[in-house]
Amino acid sequence: MNDAKGAEGVEGVEGVAEAEGTKDVIKLLLAEDQGMMRGALALLLGLEDDFEIVAQLGNGDEIVPRALETRPDVALLDIELPGRSGLDAAAALREALPECQVLILTTFGRPGYLRRAMEAGAAGFLVKDGPVEELAVAIRRVLAGERVIDPGLAAAALSAGPNPLTQRERDVLSAAVDGATVADIAAKVHLSPATVRNYLSSAIGKTQTRNRMEAVRAARQNGWL
């Protein structure tokens with residue numbers, strides 16, 4: 001009888017140890033337009049015992065549909081994607097799948113992007129030049145309800161101040177990115193040419209530039225578009 005009790009005790013200890021060693025799998029969606037970068041990130045993150053890459057995407061328009069299909073715990077989004085930007089997708093994910101945490105990964109550490117990411121509901125914002133070990137830690141932190149932001153970028157965002165451009169000014173400048181004429185811009189944003197000129201003039205003044213193309217460049221460099 002003592003032997004039986006001893007065996008039960010050993011089995012009980014082994015069961016506890018096995019349960020303690022079990023980790024919940026964290027499902028990840030990865031959106032990155034550069035195939036080599038996307039593949040490398042997926043490979044490195046896949047080495048973590050508790051990570052599972054459930055979707056790899058190269059186009060922003062695919063993010064929400066695939067997220068609804070695969071139900072990731074964390075979505076890792078680049079900002080500049082074909083189709084919908086990572087920032088726009090982050091806002092859409094917050095509405096469509098609020099339990100999914102969004103972590104923005106970008107080459108462009110611009111203060112304006114950080115502000116827009118936070119407004120879109122992102123839980124984290126990191127630049128891509130950090131080690132993958134830090135990214136793995138950040139994923140677990142955002143899933144635990146923390147907010148993770150690159151320290152240097154956070155300081156730059158505080159010193160840079162808010163985006164000075166109104167939504168309409170951003171719309172007009174975005175429509176002017178490819179060197180479109182005033183008439184083309186007016187058609188895209190459904191405004192009169194005179195109103196477009198007024199918004200362009202205001203944006204040029206706020207960006208302290210000489211023309212609309214310089215205003216576009218300045219706004220993009222600051223992450224305002």
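Q: At what angle do H3 and H4 pack, and how far apart are their axes?
A: This is a predicted model. Two packed helices are described by the angle between their axes and the distance between the axes. The crossing of H3 and H4 is right-handed. For this pair the angle is about 35°, and the axes are 10 Å apart.

Q: How many nonpolar, polar and charged residues make up the contact of H3 with H4?
A: On the H3 side, Ile63, Val64, Ala67 and Leu68 take part in the contact. They meet Ala89, Ala92, Leu93 and Ala96 of H4. By class, the contact of H3 with H4 has eight nonpolar, no polar and no charged residues.

Q: Is H2 roughly parallel or roughly perpendicular to H6?
A: Helix H2 spans residues 35–45 and helix H6 residues 132–143, and their axes lie 11 Å apart. The packing angle is about 70°. Angles of 65 to 115 degrees count as roughly perpendicular, so H2 is, relative to H6, roughly perpendicular.

Q: Which residues of H6 does H2 meet?
A: The crossing of H2 and H6 is right-handed. H2 contributes Leu41, Leu44 and Leu45 to the contact. The residues of this contact divide into six nonpolar, no polar and no charged. Those on the H6 side are Val132, Leu135 and Ile139.

Q: Which element gives the most residues to the largest nonpolar core?
A: The core has 28 residues, of which Leu29, Ile63, Leu77, Leu93, Ile104 and Phe125 touch the most other members. Elements giving two or more residues to this core include strand S1 (26–31), helix H3 (63–70) and helix H4 (86–96). With five residues, the element that gives the most is H4.

Q: How many residues are in the other core that lies apart from the largest one?
A: Among the members of this other core are Leu165, Ala186, Val189 and Ala203.

Q: What is the phi of Arg71?
A: Arg71 sits in the loop between H3 and S3. Its relative accessible area is 39%, so Arg71 is partly exposed. Most residues other than glycine have a negative phi. In Arg71, a residue other than glycine, phi is positive, near 55°.

Q: Is His190 buried or exposed?
A: His190 lies in the loop between helix H9 (182–189) and helix H10 (193–207). Its phi is positive, about 60°, although His190 is not a glycine. The cut-off for exposed is over 50% relative accessible area. At 70% relative accessibility, His190 therefore counts as exposed.

Note on methods: Residues are numbered from 1 along each chain as its sequence is written. This is a predicted model: local features need pLDDT of at least 70, side-chain atom pairs count only at pLDDT 80 or more; totals for chains, interfaces and linings use all residues. Side-chain values use heavy atoms; hydrogens and water are left out. Axes are lines fitted to C-alpha atoms, for helices over the stretch in contact, and angles run from 0 to 180 degrees between N-to-C directions. Helices (H or I, at least four residues) and strands (E, at least two) are DSSP runs, numbered from the N terminus. Angles under 35 degrees count as roughly parallel, over 145 as roughly antiparallel, 65 to 115 as roughly perpendicular and the rest as oblique. A crossing is left-handed if the near helix is turned anticlockwise from the far one by less than a right angle, and right-handed if clockwise. Contact means heavy atoms within 4.5 Å. Ala, Val, Leu, Ile, Met, Phe, Trp, Tyr, Cys and Pro count as nonpolar, Asp, Glu, Lys and Arg as charged, and the others, Gly among them, as polar. A nonpolar core is a set of buried Ala, Val, Leu, Ile, Met, Phe, Trp, Tyr and Cys residues joined through side-chain atoms within 4.5 Å. Buried means under 20% relative accessible area, exposed over 50%, partly exposed in between (1.4 Å probe, protein chains only).
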